[in-house]
Amino acid sequence: MEHKAPVLLNAVPPYGHVIASEKWRNSSLIQSLKGGGVKILFEKELGVADFHLPNKSCILYVSECDIIAGNGYKRKLVRYRNTSSSFQELVLVENTRLSEQYFSAVQKFVVFDLGLTLLPVSGQTEASQLIAQIVHGEDRENPFRRRSSSRLLDPLVLAMVHHVPGVGRVKALALLQQFSSIQQLCNAPPAELEPIVGQAAAQQIHSFFHKPTTAGI
């Protein structure tokens, strides 16, 4: 009987590194990551996930093509959710002019039906910037780690909030004293955000997580 290599569900890359599924080797996303100073380890046995990050999160990338092609991506998402991994499972979804009419349905399926964290990106370049921020964010001393052992600031959340247009590092840190997860921040109305970051930034954050679609127009 042929021995099958184990799937590396819980492989954690060293700081400054990303473990990437072999199929991404020649992609523009990988080239952008390398240009951003991220070191890449390629692996054929990652299972459903596309990337593993040093902060014990993994990423499944749903492209514009996946969304337009039909519901096949949903089966992949369910397998991803059901994986017995100790990682925080993230889903990067391309929200483009071609896929935006489907985005609200994808968002509902990922966030509400599966309970996963969805991060919208415009394409592989923006995805690589977000991944690089998470990876490099792990290398820095975290000012919240020593204050409370019960509530650690997740570098992923910090990188994601910092990634929102108009929100710098100071505002991102202020927000994360109030909202400990992306889900909490995503569901927060502008009125809850406004006292922390001001009206303009509150609206930008809310708009970022609730990008309008052209469905029904």
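Reader: Let's start with Trp24: buried or exposed?

Author: Trp24 is buried, with a relative accessible area of 10%. Buried means under 20%, exposed over 50% and partly exposed in between (1.4 Å probe, protein chains only). Keep in mind that this is a predicted model, where local features need pLDDT of at least 70, side-chain atom pairs count only at pLDDT 80 or more, and totals for chains, interfaces and linings use all residues. Residues are numbered from 1 along each chain as its sequence is written, and side-chain values use heavy atoms, leaving out hydrogens and water.

Reader: How many aromatic pairs does the whole structure hold?

Author: A search turns up two. Rings of Phe, Tyr and Trp (its six-membered ring) pair if their centres lie within 6.5 Å; planes under 30 degrees apart are stacked, over 60 edge-to-face, the rest tilted. Trp24 and Phe51 make a tilted pair, 5.1 Å between centres and 50° between planes. Trp24 sits in the loop between strand 1 (17–21) and helix 1 (28–35), while Phe51 is in strand 3 (residues 51–53), 27 residues apart. Helices (H or I, at least four residues) and strands (E, at least two) are DSSP runs, numbered from the N terminus. Phe51 is buried too, at 0% relative accessibility.

Reader: Why is the pair of Trp24 and Tyr61 called edge-to-face?

Author: Their planes meet at 75°, with the centres 5.3 Å apart, so the pair is edge-to-face. Tyr61 belongs to strand 4 (residues 57–62), so this pair ties together parts 37 residues apart in sequence. Tyr61 is buried as well, at 4%.

Reader: Which residues do the ring pairs link into a cluster?

Author: Trp24, Phe51 and Tyr61.
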